[in-house]
Amino acid sequence: MSNGLINTIYGINGPVITLKDAGELGMLDMVYVGEKKLTGEVIRIDDDKTVIQVYEDTSGLKPGQPVYPTGGPMCAVLGPGIIRNIFDGIQNPLKIVAELTGDFIARGANAPPLDEEKEWETLITASLGDLLKEGDFYAEIPETPVVTHRLMVPPGLSGEVIWSASNGRYKLNDSILKIRDKDGREHPLTLCQRWPIKTPRPASKRLPLSRPLITGQRILDTLYPIAKGGAAAVPGGFGTGKTVTQHQLAKWCDADIIIYVGCGERGNEMTQALAEFSQITDPRTGRPLTDRTVLIANTSNMPVAAREASIYTGITIAEYYRDMGYHVALMADSTSRWAEALREISGRLEEMPAEEGFPAYLPSRLSEFYERVGSFKNLNGSEGSITVIGAVSPQGADFSEPVTQNTKRFTRCFWALDKALAYARHYPAINWTDSYSEYFGDLADWYRKEVGNDFVHCRNEIHTLLVEEKRLMEIVKLIGADVLPDDQKLIIETARVIRVGFLQQNATDPTDTYVPLIKQLKMMRCILRLHNGSAELISNKVPLSKITALGLFDRLTSMKYDVPNDNQEILDTYLTQIDKELAALKKTV
């Protein structure tokens, strides 16, 4: 085999090709297929044949065309220039590829993932004679005005610094440092490194989850929080607001780095997302949100196999910035499209299907992905985290289908989107009875210390009222509300205030789009003060109709708009007013 060819194509079945007697190839090796050198990956090796999945359109490929080895697995290029970039599933930079091929990506079109000609202002922090171990920082680069890129010794490498360049401007592949390992071999260090996307990057140890990812969305922060380093599933049918919810989280959550993976979504939806992200002003920095954002776009008309790679590319980039000591939030929209890609490839491989045609290894693949999230102490001693919020798109909004059910096994937070709420214009359309968060117990101490001693108590009271309302509404549907006693009618009235005045949130209103935790607590205090005070009056034979006539319930429903975030003391006056008016009513009885 000359010219580096290892074999030729024997069979083609969509994105799956087979080779005969390709013993030189290893499992998960990356290859280039055909004259256009399409990117592919070895996914099966039998005695007499090797199977490769191709991450690009295989139209025009013919048996007999060459296959070129690369000698290693598919890797992500990690270095300055990732932030602000837009990649496809295999880390092709879409802006550069579009300049080369036009609006529609040509087969075989590729470009270096990161700009190899751009010069970066580099501050070298390691000195001659320093002993560097894997993960140690050796230089810093201002990647954007809000993100400092810290160059790290690649995992598995350590040694003594024997040469160092001076501070200045360098290109991606320029050597700026040399180290000598214990065997006497010299290793140049550049501004980038490569890492296999399906191999988790190592860390020193996994840390307990004790801090919430603050989103400013009341139903999430208060009722169903997610920890920094946690994983949440956001299942919902078409039109329930999965993408809108993830956009809100990307804009407002207190993560340092945002990675948005559009996996198999419609092209116009991804175009809208890209346009919105470029126009959003980051509330944390006052600069464009793209200054701390990475976008990975793999639309539904792109090759199906690349959907699988896009998820792994995103999590690998997240691990890289985690190793720098950043808190990273990864939005995966949606893992259902990723699972559909697994199903299609599995079908072409003629594997035995499991439930609904998905491969039997679907749970293990989901587990491998979600196990890469967490809060970690890194090899260099810094601490970072990866939080994953994965949208799930079950057909017909059926939460019993395999992807949703298996995702629930590996995530501890479940935000169930409800079609009825979405059609009623109740956003976020998260159903408060079907959703849950197993992180709340881990985060309770943080809420008590950082927000208020009564936060957990107020949250539990609010949740109890919503659960009780659901039970009462079942009775109302059967026999009507008129037969209920006033104390039960009060629960329904208070729950209405909770639903409309607290859980429902207006993303377009500058006051309501983001709400600090202390304001959320004060809003809960007002609602519960009114409920408990009214319950006491009802126990003293005061009719509920007289209490509602005071207008206090309606006033609390609109407090989310009436009280600005920078003047929350107004909510303290609400408490005084509630006590005053209820006391005056009690005297009239």
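Strands here are DSSP runs of E with at least two residues, numbered from the N terminus. With that in hand, welcome to a few close-up views of this predicted model.

View 1. For one of the pairings, look at strand 3 (residues 29-33) and strand 4 (residues 38-45), which run antiparallel and share four bridges. Here you can find M30 standing opposite E41 of strand 4.

**View 2. V67 in strand 6.** Next, find strand 6, which covers residues 66-73 and holds V67. Is V67 buried or exposed? Its relative accessibility is 0%, so V67 counts as buried. Now look for K37, which sits 30 residues away from V67 along the chain. The C-alpha atoms of V67 and K37 are separated by 7.8 Å.

**View 3. T557 in helix 15.** This view moves to a helix, where T557 belongs to helix 15. The relative accessible area of T557 is 14%, and because buried means under 20%, T557 is buried. Which backbone oxygen does the side chain of T557 reach? It is the backbone oxygen of F553, at 2.9 Å.

**View 4. The second largest cavity.** How many cavities of 30 Å³ or more does a search of the whole structure find? The search finds two. The second largest cavity holds about 40 Å³ of space. Its lining is made by L552, R555, L556, Y574, Q577 and I578. Helix 15 (552-557) and helix 17 (569-588) are the elements that give two or more residues to this lining. By class, the lining of the second largest cavity has four nonpolar residues, one polar and one charged.

**View 5. The largest cavity.** The volume of the largest cavity is about 70 Å³. Around the largest cavity you will meet G135, M152, V153, P155, R201, P202, D323, N378, L379 and N380. Sorted by class, the residues lining the largest cavity are five nonpolar, three polar and two charged.

**View 6. The largest pocket.** Now for the pockets. About 790 Å³ of space lies in the largest pocket. Its lining has 31 residues, and L94, D103, I105, T299 and M302 are the ones nearest its centre. Helix 1 (94-101), helix 4 (267-279) and strand 21 (293-299) are the elements that give two or more residues to this lining. Which element gives the most to the lining of the largest pocket? That is helix 4, with six residues. The lining of the largest pocket divides into 16 nonpolar, nine polar and six charged residues.

**View 7. The second largest pocket.** The last stop is the second largest pocket, with about 650 Å³ of space. Among the 24 residues in its lining, T243, V244, H247, Q272 and E276 are the closest to its centre. By class, the second largest pocket is lined by five nonpolar, twelve polar and seven charged residues.

Note on methods. Residues are numbered from 1 along each chain as its sequence is written. This is a predicted model: local features need pLDDT of at least 70, side-chain atom pairs count only at pLDDT 80 or more; totals for chains, interfaces and linings use all residues. Side-chain values use heavy atoms; hydrogens and water are left out. On a 1 Å grid over the protein atoms alone, a cavity is a set of points where a 1.4 Å probe fits but cannot get out, and a pocket is an open set with protein on both sides within 12 Å along at least five of seven lines; lining residues have an atom within 4 Å of a point. Grid points are joined across faces, edges and corners, and a volume is the space filled by probe spheres set on the points. Ala, Val, Leu, Ile, Met, Phe, Trp, Tyr, Cys and Pro count as nonpolar, Asp, Glu, Lys and Arg as charged, and the others, Gly among them, as polar. Two strands pair if DSSP finds at least two bridges between them. Buried means under 20% relative accessible area, exposed over 50%, partly exposed in between (1.4 Å probe, protein chains only). A polar contact is a pair of N or O atoms within 3.5 Å; within protein, one must be able to donate a hydrogen and the other to accept it, and residues adjacent in sequence count only if both atoms are side-chain atoms.
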